Amino acid sequence: MAEEEGPTVELRQRRKLKSSENKESAKEEKIRDTPMPERAPKHVLFQRFAKIFIGCLAAVTSGMMYALYLSAYHERKFWFSNRQELEREITFQGVYELTHNNKTVSLKTINAVQQMSLYPELIASVLYQATGSNEIIEPVYFYIGIVFGLQGIYVTALFVTSWLMSGTWLAGMLTVAWFIINRVDTTRIEYSIPLRENWALPYFACQIAALTGYLKSNLNTYGERFCYLLMSASTYTFMMMWEYSHYLLFLQAISLFLLDSFSLEQSEKVHEVYKIYIFSLFLGYLLQFENSALLVSPLLSLVVALMLAKCLQLNVKKGTFIAKIMKVINFYLVCTLTVTLNIIMKMFVPHKENGHMLKFLEVKFGLNMTKNFTMNWLLCQESLQAPSQDFFLRLTQSSLLPFYVLVLIICFLSMMQVIFRRINGKSLKETITLEDGRIGGRPEIIYHVIHTILLGSLAMVIEGLKYLWTPYVCMLAAFGVCSPELWMTLFKWLRLRTVHPVLLALILSMAVPTIIGLSLWKEFFPRLMTELMELQEFYDPDTVELMTWIKRQAPVAAVFAGSPQLMGAIKLCTGWMVTSLPLYSDDDLLKRNENIYQIYSKRSAEDIYKILTSYKANYLIVEDAICNEVGTMRGCRVKDLLDIANGHVVCEEGDKLTYSKYGRFCHEVKINYSPYVNYFTRVYWNRSYFVYKINTVISFQS
């Protein structure tokens with residue numbers, strides 16, 4: 001037996017040796033046959049350098065000009081520099097409290113930095129002190145200067161992204177033009193400067209720009225490393241700046257997962273991005289006072305599921321039937337693991353996730369009905385409604401929407417064509433050239449197509465999410481019309497023969513954006529200049545008088561009660577303690593808001609008195625605008641929603657008619673008769689506000 005096994009083993013060793021020699025010789029021949037890259041001539045290097053230099057200069061200039069435009073427009077709209085400090089704070093509508101204290105909300109100790117997501121203000125205050133700016137500039141100017149500067153970075157990042165995708169900085173210029181012209185739908189910076197999204201979205205735009213470069217197939221090692229580092233830093237910063245950032249990154253992770261499924265060559269890069277997500281989530285958890293919302297976020301569950309699924313994957317030859325089956329199984333496995341892990345995390349990790357958001361979505365999509373005041377009040381908010389026709393009309397008038405739809409259709413169909421070929425096992429070229437006319441084969445294009453479809457689907461349901469989607473629309477539309485590849489893809493489908501397709505694609509990629517740019521300049525540039533020249537009037541003397549009275553007449557230890565929006569302004573402008581704040585991520589504060597809003601319902605004076613004293617309130621402020629509100633949307637006035645919640649009106653479902661034996665409190669308390677004067681004493685009023693002192697000793701009068 002040993003003699004028979006000897007020749008067999010020797011034969012196997014010879015075969016292995018022969019096969020290894022064949023492989024080595026094949027590699028040597030491949031290396032020998034591969035042409036060595038020739039060094040580019042000096043004039044070519046100069047052209048490349050000039051193109052990059054001009055593009056970078058245009059990108060930075062665009063961002064700086066936009067920041068200066070915002071500053072000038074803000075000054076013209078509010079006369080900011082000519083106003084007193086109190087008036088500036090009212091027009092500013094921000095929050096300065098950066099401490100952990102029990103002097104903001106009565107009977108409640110809050111971590112203001114955590115609950116109000118005041119990390120941007122904390123960073124701004126550190127910079128303000130560290131740079132010595134406190135001796136040069138007022139805090140409010142330093143603050144808005146940072147925010148406007150971030151908006152400039154936002155625009156620059158969009159510029160760079162469209163440039164990376166199209167290969168020409170002309171696309172970046174068109175992106176900026178569309179962004180500014182449609183700024184009513186691309187940003188809320190004009191309405192409220194300190195919104196968290198105004199701090200966070202610039203970093204998200206930088207992350208998308210870095211991700212776009214990172215996914216490109218022809219990126220060199222140094223460029224790939226730079227994009228990876230920039231992506232890591234911007235992802236973490238974005239997560240720190242906005243409490244809802246992990247939801248947006250969840251959509252991005254879904255886009256990358258689908259990209260990984262469709263574009264096999266980018267698998268390793270995509271999994272490197274997953275590692276960035278995990279690192280950012282855990283670092284954010286530690287630095288955000290152990291924020292459990294990050295541990296139970298769908299983003300973490302999805303990324304962990306993807307990592308586990310990768311470990312379970314088998315090496316199967318691509319294109320085979322078994323490989324296709326494994327892809328389907330992998331997809332099902334990831335979805336199942338994501339849901340399972342999220343349920344398990346919520347079972348074992350103590351969290352205060354926004355449960356009211358899930359209830360809101362149930363009611364929004366008609367899966368449930370409710371009479372709850374908070375739910376119905378949220379449903380009535382304009383930003384949570386479906387987009388109006390005016391939104392689409394504005395995008396169409398600026399020519400943005402038609403070109404976006406055209407670009408999206410071409411990219412999507414090309415992407416599906418490439419995916420279909422891969423499913424059928426057809427080999428595709430690794431390097432895509434202009435002549436191929438296959439724009440849907442580029443990984444970064446596949447990612448952007450999927451991502452914009454996901455964002456667009458959400459924006460079609462909730463108008464407030466259009467501020468995430470519309471900048472994307474500007475960038476994608478500009479990239480498409482400036483990309484010769486997109487035109488070449490279209491010509492390939494049309495089988496154009498009369499004119500050389502490559503030449504025509506190059507001509508159109510220059511001519512079309514130029515024509516669009518000139519038409520936009522002619523129509524919209526005069527309007528922008530007019531806005532900067534006109535002095536707009538902001539006049540709110542009633543609010544200024546109210547704040548002045550509080551600062552001069554109210555005791556320092558006084559606690560004020562009223563609508564959450566007004567309480568936020570009082571806390572900002574005066575520093576006095578309040579019963580509630582306009583925060584909608586805290587269940588306790590939501591309940592407080594609903595209880596305090598009862599001052600506009602048909603409840604007795606005694607009921608309102610008990611509610612207010614339970615929160616240790618000393619003063620009550622009734623707003624005439626809410627008490628006598630004439631709403632345009634049926635059933636969305638605060639008093640209507642309160643009547644529905646309290647059962648004081650007939651509902652459409654056919655409930656029995658019930659009346660309250662009490663009049664509306666906000667009306668009755670103004671008349672100054674018993675029993676209202678027993679509980680409340682009016683101490684100040686003007687055309688908009690009525691301030692009542694809540695009596696500590698009740699003296700009943702006949």
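Author: Cys482 has a relative accessibility of 1%, so it counts as buried, the limit for that label being under 20%. Cys474 is buried because its relative accessible area is 0%. These values, and those that follow, come from a predicted model.

Turning to the bonded cysteines, the count of disulfides comes to 2. One of them is formed by Cys380 and Cys636, whose sulfur atoms are 2.0 Å apart, and since the torsion about their S-S bond is about -75°, this disulfide is left-handed. The bond links distant parts of the chain, with Cys380 placed in helix 17 (residues 373-380) and Cys636 in the loop between helix 28 (624-627) and helix 29 (638-646), at a separation of 256 residues. Both Cys380 and Cys636 are buried.

Another disulfide joins Cys627 to Cys666, again with an S to S distance of 2.0 Å, but here the torsion about the S-S bond is about 80°, so the handedness is right-handed. This pair, too, links distant parts of the chain, as Cys627 belongs to helix 28 and Cys666 to helix 30 (residues 665-668), 39 residues apart. With a relative accessible area of 0%, Cys627 is buried, and Cys666 counts as buried because its relative accessibility is 0%. When the bonded cysteines are counted along the chain, the disulfides follow the pattern 1-3, 2-4.

The aromatic side chains come next, and a search of the whole structure finds 27 aromatic pairs. In one of these, Tyr66 and Phe179 have ring centres 5.6 Å apart and planes at 80°, so the pair is edge-to-face, a label that applies over 60 degrees. Tyr66 lies in helix 2 (residues 42-78) and Phe179 in helix 7 (residues 169-181), so the pair ties together parts that are 113 residues apart in sequence. Tyr66 counts as buried because its relative accessibility is 1%, and Phe179 does so at 0%.

Trp549 and Tyr684, by contrast, form a stacked pair, with 5.4 Å from centre to centre and 20° between the planes. Because Trp549 is part of helix 24 (residues 541-553) and Tyr684 part of strand 6 (residues 680-685), their pairing ties together parts 135 residues apart in sequence. Both Trp549 and Tyr684 are buried. Elsewhere, ring pairs link Tyr609, Phe665, Tyr673, Tyr676, Tyr679 and Phe680 into a cluster.

Around Tyr277, once its neighbours within four places in sequence are left aside, the residues in contact are Gln207, Thr235, Leu249, Gln252, Ala253, Leu256, Leu299 and Val303.

Notes. Residues are numbered from 1 along each chain as its sequence is written. This is a predicted model: local features need pLDDT of at least 70, side-chain atom pairs count only at pLDDT 80 or more; totals for chains, interfaces and linings use all residues. Side-chain values use heavy atoms; hydrogens and water are left out. Contact means heavy atoms within 4.5 Å. Rings of Phe, Tyr and Trp (its six-membered ring) pair if their centres lie within 6.5 Å; planes under 30 degrees apart count as stacked, over 60 as edge-to-face and the rest as tilted. Helices (H or I, at least four residues) and strands (E, at least two) are DSSP runs, numbered from the N terminus. Buried means under 20% relative accessible area, exposed over 50%, partly exposed in between (1.4 Å probe, protein chains only). A disulfide is a pair of cysteine sulfur atoms within 2.5 Å.
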